[in-house]
Amino acid sequence: MNKTFEGLYPEKLWKYFGAICEIPRPSGHEEKIIDWLLAFAKEKGLKGKRDDAGNVVISKPAYRGYEDRPVVVLQSHLDMVGEKNQDKKHDFLKDPITPIRDGEWIKADGTTLGADDGIGIAAQLALLASDDVPHGPLECLFTVEEETGLTGAFYLMDDFLEGRILLNLDSEDEGELFIGCAGGIDTVARFRAEVEEVPAGHIALNIQVKGLKGGHSGDDIHKGLGNAIKILVRYLWQMERDYGVRLARFEGGNLRNAIAREAFATALVPSKYKEEARVVLNFLAHDVQQELRKTDSGVKLELGTTEMPDKVFTKDFQQRFLNALYACPHGVMAWSQEIENLVETSTNLASVKYIDDTLVISTSQRSSVESARNNIANMVRSVFELAGASVENSDGYPGWAPNLDSPLLKVAVSTYQQLFDQKPTVRAIHAGLECGLFLQKYPDMDMISFGPTIKGAHSPDERLHIESVRKFWDHLLVMLKSL
């Protein structure tokens, strides 16, 4: 066992989590862990199968005396978000994750930890490897590419599962049972960059926004966190109007479901305005730090000289591009009128990437109301189309409507109260879960989602609460025995 996890309970779960950390598995590159899982099934004498999408199911017979129980599906996703600090050298396609114990938490060394959803995988493996846990027949479902569009759930075969009771192990707040989630859609805009020769009498500057927390674009969108892209655009938009700055490069953010933590630009300013460029940056830094002092106080804006680029954007293109980014909505658009403190609709300006000669802007919209989801997606589309970009929407994925009469929910609530002498919180989540797609394929499926406490998912600040893993595991075992 990895020494980081020595002495932690449950031992088997932590052993397998350590093993998972050794296997690179960013979204779209789950081949190694798929092969590892199928080899694990063979080693344990269990039935394992894979569908065309890459999803894996490993089946385990019932514990003796529990053969008459219904089949229960345990589900997690194989992929993880690969985010790292700017100064961290790490190749998510090759390098293992380095877990660190920090008091009550497990985190990683400068990267995402992959507890989302590696801890769910580890729980499944610990159950599959056990010989002393009472349960009915089990199907452990491992899906692919959840983080980049729920691909595995989209293409899950209709007859891949026998069970009609599903425990999704992909939630991040221990003591909370989730019975609903938002649907989502992606909106991607593309600008073909229009460039010209570098003007004379200018100096080249490198502007960076960093130090933000980032976070999950569903779970964290309501927390008032900073968006590095929006902050950088504020600076460049003002500098363009007041001092004629010329933009040569702009990039920020990374993944569609993460709030942008960092952004940078290369820009030219007339030499006579060099000091004004720094003064404007300092004033904006002060304003932003005040705005985010309670929610994202680590924000930093930095400026320095750099090498002169070969080209700059034309004035017309630059203005359209910056206006579109400035006008693009970001954050909470509406709160639920039915469930207290639940975000209904939101949008995330996720990333800007300069690929060859094209600026690609990725955004994502979520809502528990399908018409509202489509409305905000159209709003984002209209902003970029007005600026001359080509825009595409993904197919989107459905939400999961809450069912307060669920028999599974009643068992989950009663067993939690029995174990811990308190009622769990039952609620819906603004993030997307695969459950909505499972329900489309298996309309009679009864589902809940739960898990241990994970903070800072989708960012290098991701951390897993050790004690919550114990409670999550104990609750899972009692539920399996009771169902």
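This is a predicted model: local features need pLDDT of at least 70, side-chain atom pairs count only at pLDDT 80 or more; totals for chains, interfaces and linings use all residues.
**Entry 1: K47**

I started with K47, which sits in strand β1, residues 47-50. Is K47 buried or exposed? Its relative accessibility is 58%, and exposed means over 50%, so K47 counts as exposed.

Next I checked who K47 touches. Skipping residues up to four places away in sequence, I found V57, I58 and S59.

**Entry 2: E251**

Then I moved on to E251, which belongs to strand β12, residues 246-253. Its relative accessible area is 18%, and the cut-off for buried is under 20%, so I wrote E251 down as buried.

What does the side chain of E251 reach? I noted the backbone nitrogen of Y354, at 3.4 Å. There is also a polar contact of 3.0 Å between the side chains of E251 and R249. Y354 turned up again when I listed the contacts of E251 beyond four places in sequence: A263, F264, V352, K353 and Y354.

**Entry 3: helices α3 and α11**

I picked α3 (residues 115-129) and α11 (residues 466-482), whose axes come within 12 Å and cross at roughly 45°. That angle makes α3 oblique to α11. I also noted that the crossing is right-handed.

Which residues meet here? On the α3 side I found I119, A123, A126 and L127, and on the α11 side V469, F472, W473, L476, L477 and L480. I sorted the residues of this contact by type and got 10 nonpolar, no polar and no charged.

**Entry 4: helices α5 and α6**

My last pair was α5 (residues 228-243) and α6 (residues 274-291). Their axes come within 10 Å, and the crossing angle is roughly 145°. I put this crossing down as right-handed.

From α5, the contact uses I231, R234, Y235, Q238, M239 and Y243. From α6, I listed E276, A277, V280, L281, L284, D287, V288 and E291. How many of the residues in the contact of α5 with α6 are charged? I got 4 charged, along with 9 nonpolar and 1 polar.

Key: Residues are numbered from 1 along each chain as its sequence is written. Side-chain values use heavy atoms; hydrogens and water are left out. Helices (H or I, at least four residues) and strands (E, at least two) are DSSP runs, numbered from the N terminus. Buried means under 20% relative accessible area, exposed over 50%, partly exposed in between (1.4 Å probe, protein chains only). A polar contact is a pair of N or O atoms within 3.5 Å; within protein, one must be able to donate a hydrogen and the other to accept it, and residues adjacent in sequence count only if both atoms are side-chain atoms. Contact means heavy atoms within 4.5 Å. Axes are lines fitted to C-alpha atoms, for helices over the stretch in contact, and angles run from 0 to 180 degrees between N-to-C directions. Angles under 35 degrees count as roughly parallel, over 145 as roughly antiparallel, 65 to 115 as roughly perpendicular and the rest as oblique. A crossing is left-handed if the near helix is turned anticlockwise from the far one by less than a right angle, and right-handed if clockwise. Ala, Val, Leu, Ile, Met, Phe, Trp, Tyr, Cys and Pro count as nonpolar, Asp, Glu, Lys and Arg as charged, and the others, Gly among them, as polar.
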